[in-house]
Amino acid sequence: MKKILILNGPNLNLQGRRNPQVYGTERFDALMERLRVLHPGTEFSYFQSNVEGELIDALQRAEESCDGVVLNAGGYTHTSVALRDAVEAVRLPVVEVHLSQIAAREEFRRVSLLAPVAAGSIAGFGMLSYELGVEALLRLGEEER
């Protein structure tokens with residue numbers, strides 16, 4: 001696997017300043033730089049939107065240009081049937097990630113509509129969740145060869 005999209009949903013543009021006690025203080029530009037250093041043979045792209053349809057469009061475009069997606073759908077994880085259907089429809093692995101441990105949070109955050117159709121889910125490790133998601137995609141890519 002050589003091309004991975006990091007795809008973030010609503011409010012993740014506020015990372016580093018929104019509820020730092022829950023989500024941490026690191027920003028995504030630092031994560032992207034670290035991913036490029038850790039995986040120099042992999043091309044990373046990044047997209048964030050607060051708009052459900054834009055996330056679906058980005059996921060569908062990724063099918064043509066990427067080998068896998070690390071997706072943090074934010075609040076849409078728990079509400080978006082349309083995003084779930086898009087994850088199910090694309091022919092590439094999608095790893096669901098979350099900064100916080102959603103299973104230990106409010107009741108409404110404990111159910112992921114995406115988990116049943118994602119290649120896997122990683123939650124509760126802060127920005128490390130993304131690194132683990134990338135590692136999972138890269139290993140999946142190796143198994144397919």
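**View 1. Strands β1 and β3 pair in the parallel sense.** Strand β1 covers residues 3–8 and strand β3 residues 68–72, joined over 5 bridges. L7 stands opposite L71 in β3. Pairing requires at least two DSSP bridges between two strands. Strands (E, at least two residues) and helices (H or I, at least four) are DSSP runs numbered from the N terminus. The model is predicted: local features need pLDDT of at least 70, side-chain atom pairs count only at pLDDT 80 or more, and totals for chains, interfaces and linings use all residues. Residues are numbered from 1 along each chain as its sequence is written, and side-chain values use heavy atoms, without hydrogens and water.

**View 2. An open sheet of 5 strands shows parallel pairing.** The order is β2-β1-β3-β4-β5. Strands β2 (43–48) and β5 (120–123) are the edges, each pairing on one side only. The twist averages 20 degrees from one strand to the next. Angles run from 0 to 180 degrees between N-to-C directions, with axes fitted to C-alpha atoms, for helices over the stretch in contact.

**View 3. Helix α3 lies across β1, β2, β3 and β4.** The helix spans residues 52–65 and runs at about 175 degrees to β1. Contact means heavy atoms within 4.5 Å.

**View 4. Ring pairs link F28, Y46 and Y130 into a cluster.** Rings of Phe, Tyr and Trp (its six-membered ring) pair with centres within 6.5 Å; planes under 30 degrees apart are stacked, over 60 edge-to-face, the rest tilted. F28 and Y46 lie 5.6 Å apart between ring centres, with planes at 35 degrees, so this pair is tilted. F28 sits in helix α2 and Y46 in strand β2. F28 and Y130 pair edge-to-face, at 5.2 Å and 75 degrees.
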